[in-house]
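Visitor: Could you please show me the structure that we are to discuss?

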Amino acid sequence: MKKFLNGKYIILLLYVVDMLIVGHNKNDIQILKRELSKSFAMKDLGPTRQILGMKILRDRKNEKLWLS
């Protein structure tokens, strides 16, 4: 987890070969992905719908997130 001075953050979750990056700022996430891809072979699979058997549902308009 990296917390910025403005209170925003980026969290990188890694389990074996599965990675999930979440945060407030899409630009910061893109920068992190670019830096990581310099050292590691990575695929960007787009917005996450599932990780480690958990389904992820988002309602961006209402800022809600569900895990099942």
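Predicted model: local features only at pLDDT ≥ 70, side-chain atom pairs only at ≥ 80, totals over all residues.

Visitor: Which residues of α1 are buried?

Guide: I29, K33 and L36 are buried in α1. Buried means under 20% relative accessible area, exposed over 50%, and partly exposed in between (1.4 Å probe, protein chains only).

Visitor: Where do they lie, seen down the axis of α1?

Guide: The buried residues fall within an arc of 65°, so they line one face of the helix. The arc is that of the directions from the helix axis to the C-beta atoms.

Visitor: What do the buried residues of α1 pack against?

Guide: They pack against β2 and β3. Helices (H or I, at least four residues) and strands (E, at least two) are DSSP runs, numbered from the N terminus.

Visitor: Turning to V17, is it buried or exposed?

Guide: V17 counts as exposed because its relative accessibility is 74%. V17 lies in the loop between β2 (9-15) and β3 (18-23).

Visitor: And where is S68?

Guide: S68 is in the segment after β6 (64-67). Its relative accessibility is 61%, so S68 counts as exposed.

Visitor: What does S68 touch?

Guide: Leaving aside residues up to four places away in sequence, S68 touches G53, M54 and K55. Contact means heavy atoms within 4.5 Å.

Terms used. Residues numbered from 1 in each chain as written. Heavy atoms only, no water.
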